[in-house]
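Please look over the sequence and the structure first.

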Amino acid sequence: MSRTAIYPGSFDPLTNGHVAIIQRGLKLFDRLIVAVANNPQKTPLFSVPERQQFIAQTFQNDARLEIDSFDALLVTYAKKKGVHTVLRGLRAVQDFDYEFQLANMNRHLLPDFESVFVMTGEDYFFVSARLVREVATFGGDVSELVPECVAQGLQRKLGMPRKG
Ligand code: ADP
């Protein structure tokens with residue numbers, strides 16, 4: 001039986017922290033659906049297609065990855081896909097509080113829903129997409145914290161300085 005999980009997030013933009021979680025998720029699951037959240041209440045830096053493109057480029061269309069988007073409740077999307085397991089990354093205690101609430105809310109809404117957590121490595125525990133956006137907006141160099149295609153995308157969008 002092939003095991004599939006959904007890895008949902010904003011991915012605005014994809015960071016090396018997300019990449020590490022996807023790589024490790026692929027060791028636990030046969031397939032991952034990386035689902036880009038389209039939240040109409042947030043104004044993203046990158047559009048959903050741009051965010052999906054960064055993921056596709058970084059993973060060179062790896063056949064074990066499906067890159068999708070969703071704009072419903074996660075459990076509604078999970079039911080539609082027939083996949084009741086989500087993968088999430090944990091950085092620090094602040095993530096734990098939020099993820100603990102979210103996992104329990106999701107299980108309340110869909111009783112056989114399961115959340116699987118992967119701890120970030122020491123290299124990326126301080127990396128969040130929100131901080132990357134903020135630092136890049138003010139001209140900071142985030143090129144070592146994001147894949148090359150994202151660094152180029154940030155440079156196009158914000159004129160981020162490049163190393164060297
Ligand atoms: P953000 O990166 O701004 O926290 P996302 O919604 O894109 O927001 O995050 C999606 C998922 O990836 C969440 O489970 C989040 O905890 C996890 N994640 C993001 N960055 C990292 C990281 N550096 N290490 C581990 N998990 C991470």
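Asp95 counts as buried, at 15% relative accessibility (buried is under 20% relative accessible area, exposed over 50%, partly exposed in between, with a 1.4 Å probe and protein chains only). The model is predicted: local features need pLDDT of at least 70, side-chain atom pairs count only at pLDDT 80 or more, and totals for chains, interfaces and linings use all residues. Residues are numbered from 1 along each chain as its sequence is written, and side-chain values use heavy atoms, with hydrogens and water left out.

**Count and network**
- The model has 10 salt bridges, each a side-chain nitrogen of Lys or Arg within 4 Å of a carboxyl oxygen of Asp or Glu.
- A network of salt bridges links Arg31, Glu66, Asp68 and Lys81.

**Asp95 and Arg91**
- Asp95 forms a salt bridge with Arg91, at 2.8 Å from N to O.
- Arg91 is partly exposed, at 35% relative accessibility.

**Glu50 and Lys157**
- A salt bridge joins the side chains of Glu50 and Lys157, with 3.1 Å from N to O.
- Glu50 belongs to helix α2 (residues 48-58) and Lys157 to helix α6 (residues 148-158), so the pair ties together parts 107 residues apart in sequence; helices (H or I, at least four residues) are DSSP runs numbered from the N terminus.
- Glu50 is partly exposed at 30% relative accessible area, and Lys157 is partly exposed at 37%.

**Arg107 and Glu114**
- The side chains of Arg107 and Glu114 form a salt bridge at 3.6 Å, N to O.
- Arg107 is partly exposed at 35% relative accessibility, and Glu114 is partly exposed at 40%.

Note on methods:
Helix = DSSP H or I, 4+ residues; strand = E, 2+ residues; numbered from the N terminus.
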